[in-house]
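Colleague: I'm new to this one. Mind if I ask how you back up a few of the labels?

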Amino acid sequence: MLSATPAIAKSYKQVANDAERREANEKNQQAWASEYRGKINEYHGTIDSFINVLVPASEAVCPPMDCSGKFDDVREDCLEPLMYNPLVNGFLALTKDFPVAKSLRFHDNSTHLIPFPYMSWDLHHHRMKPDLITSYPGTTTSLKDPRWKDVALAIEVKPKRSDDPMNVWAKARDDTMRQLVKNGRNLLVGHSGLFAFVFGIFGHQARIFRFDHSSCIVSPRFNYVEQPELFRQFLWNFVNPLCDTRISGDDPTVDTKITRSHLRWVEDVLEPEDVQGSDTGMHRWISAKAVTKEGETVTLELLTVKLLFINPCLFSRSTTVWSAIDKDEINGKQYIIKDSWRQGLRESEMTYYSHIMKTLRDRNEEPFGLAVLRAGADLGDLEDKERMKPNDQIRAPLVPGNPPSDLPDPSSTPLVPSSISMGADDADPLSSPLSSPPRTQTSMAAPDEQDPFNPVVSPPPPAFFDCANQEGHRTLSAFIRSPKHAEDNDRRHMRLIMETLGIPLSDFRRTKRMVEALCDAIKGHQQAYSTGVLHRDVSEGNVYMIDGKPYKGFLGDFDYSSFMPGVLGAHDDSTRPDADENNGLKERTGTYAFMAIELLARRGVIHGAHHDLESFYWLLIWLVLRHTTHDDPEGANQCSLLFFHDNDLICASLKRAWLCREEYLGVPGNVPVTWLLRELTKLCHRGQSTSERPAVLLTYDAVLEKLEMALKMDGWPENDGAIPFKPYVEPQEEGHADPTNATITAAISASNQTAKSKKARSQKASVRFPDNVMAGSSKRKREPEPHDNVDENGVRTSKRIKELSLKRSRSKRS
């Protein structure tokens, strides 16, 4: 029996309103808080152990140096800018004797905004100003106008010891934590890295933050003025990693050093439109030992050409998709590289592709509307297999020398993190013995204010230290948070090479071309479902257009899929991801903006094919609102009002309200799309159950019938290509109404069957449909809806939305 999708919301991947990309925006802050809460974990050991275990060095030994006095000029409890130059000078003095190839430069970046690593996504993210930045070792690239790919390490500076965000929990520290987390995310994206480090300076105290795609491990606090040698040892290990990379955390299968000859080769073998774009400086060589669908092991080396999609969330799958060319193919054939981080509990995406393709071969059926796998590898699993070879001893995760005496004993009494158990600010983080019994929470905040960052957990098991010696294709931080479930919660690095080169839906040159792609992708979804595989994550990043195939669009990205028992070709056994007894550890599947209403509104819902069909509808609405000259009264702001909210109940209610609006969304001058929007809206509206009638669930036949009828219609425009999306900018007028409150009010009005105003109707463009296609009026024929829907907690939906609206209004006034 399939188990329900747990309701755990994810942060936003895109923005529709310019205000949402600003750091001070409440919605932006809430999204980031949902990203890192519960995933910032303090290391159980001394600072020496943290450096030697989590930043293991090669055989090179750090040269001796008298480090005393290097930071004596750094003040605390002062204006923050007064700390920058003394810190830069101190770091330079600590590393001045490093070999030229390992030399580091430090720079005051406090006044310079660094854009998001990929400029094509810069509109979706506010730019960051890390206080200090560090160059890659041995480089001469200027840091006066840096990009994240050129920054090896970021340093955030705060003047007071009390600014340490790992102190007893207080909301005020969220600003600092958010800065640290965003720096970690940008470093990982900019490097295509496996993990990244950020320094936090708090007066004369410091911490080192290690970010991977599972969570963050934080070092114990230390006094860098009194112990500057700790920073020196870290930086030495950092530029002398165990694997053959420039810095610790870089992926040895990725090379970002691109020469002019490489770029000339790309220009010679590809058409200009295949190369042009704002991310031309982000090319990289990617190689991997991959297993083909025939079972052969090959080594592929490909040069990325263009970024097609990125999930910029930090603690997530972090899916990144590029087009790329193989160095051994001189004809310039392009492939797709997809990198992602699979949660250990989930089945490998290759399992689903293999099952689908094998079932189709057995039927003598060609794949239609589906991505075709060329090769792929689970790099995290390969790393685990290497670590678990028979008779292989746990290697010392240290620089040459004796193992430290402070490694945690897995049989010792569970500990609370040292930042919590210490209590007083003047406690020495290095003096707390790891074998000491747990302290009470009397020194912590009140029970209702317990620290959300650090749970009470046991020290990590020996496997943690062994994994730390690997390249990093498997995350480590879940070992710190919950050793018992580390195998399930830590993530493994997946890399797939796809034969099917897609074109993003947002790049359509005709709306008809985009609708054709959606139609064929739904057919691909149906074909996969017929083999027993349900996709469960229909979104903009998983559906593409394609040329030169029998189909015009295809569906990819099956890493959140599940096997469906009872469907022809499926199987129901313990190998199903859903059959795992730890299914409750899984996060809810689906991309938030495109999730079906029922998945948002109710707990305990089993994800079905009709939910994915509804996601295709929301994807169509998304594309129309963002990339066409539609006639919605809210204009460019409607996408934000409909899709981006921090509460599942509000999201579900607004989508319901959208379905029962009196007027349908239309595109002036585009009769087929306007008709299609109306018909699909009606289908989705009937798919929602009410107290007066059951839901008429969406079916493949019903949805495909509407799409194919629209495609056969006359009147498709020839030159209505996608309009580049630009986030909506709020009018800066005094007393301007809060759009969120206005939207919630509209949802209440629609839920209670209140007619729209004449002004809104007057803005609706008139569209004339052919008589043989549409006999009904363009105005909605309303279907009865209950006035008081009740959620799973017994609260009336309309009442709950009113309460949320009042709460938001009060917060705005305050």
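Colleague: How many bridges join strand β18 to β19, and which way do the two run?

Modeller: This is a predicted model, so keep that in mind. In it, β18 (residues 543–545) is joined to β19 by 3 bridges, and the two run antiparallel. One of the bridge partners is Phe554 in β19, which faces Tyr544 as its partner. Pairing takes at least two bridges, and with 3 between them, β18 and β19 count as paired.

Colleague: What makes β16 and β19 the edges of the sheet?

Modeller: The open sheet has 3 strands in the order β16-β18-β19, with antiparallel pairing. β16 (503–504) and β19 (553–555) each have a single partner strand, so one side of each is left without a neighbour in the sheet.

Colleague: Which residues lie nearest the centre of the largest pocket?

Modeller: Lys306, Ile503, Pro504, Ser506 and Asp507, out of 48 lining residues. The space in that pocket is about 1,600 Å³. Among the elements giving two or more residues to the lining are β16 and β18, while β11 gives the largest share, 5 residues. By kind, the lining divides into 20 nonpolar, 14 polar and 14 charged residues.

Colleague: Where does pLDDT stay under 50?

Modeller: Over residues 391–450, although the model has 98 contacts there beyond four places in sequence. Residues 568–587 are also below 50, with 61 contacts beyond near neighbours in sequence. Where pLDDT is low, the predicted coordinates should not be read in detail. For the chain, the mean pLDDT is 77, and 72% of residues reach 70 or more.

Note on methods: Residues numbered from 1 in each chain as written. Predicted model: local features only at pLDDT ≥ 70, side-chain atom pairs only at ≥ 80, totals over all residues. Heavy atoms only, no water. Helix = DSSP H or I, 4+ residues; strand = E, 2+ residues; numbered from the N terminus. pLDDT = per-residue confidence, 0-100. Contact = heavy atoms within 4.5 Å. 1 Å grid on protein atoms, 1.4 Å probe; cavity = no way out; pocket = protein on both sides within 12 Å on 5 of 7 lines; lining within 4 Å. Points joined across faces, edges and corners; volume = space filled by probe spheres on them. Nonpolar A, V, L, I, M, F, W, Y, C, P; charged D, E, K, R; others polar.
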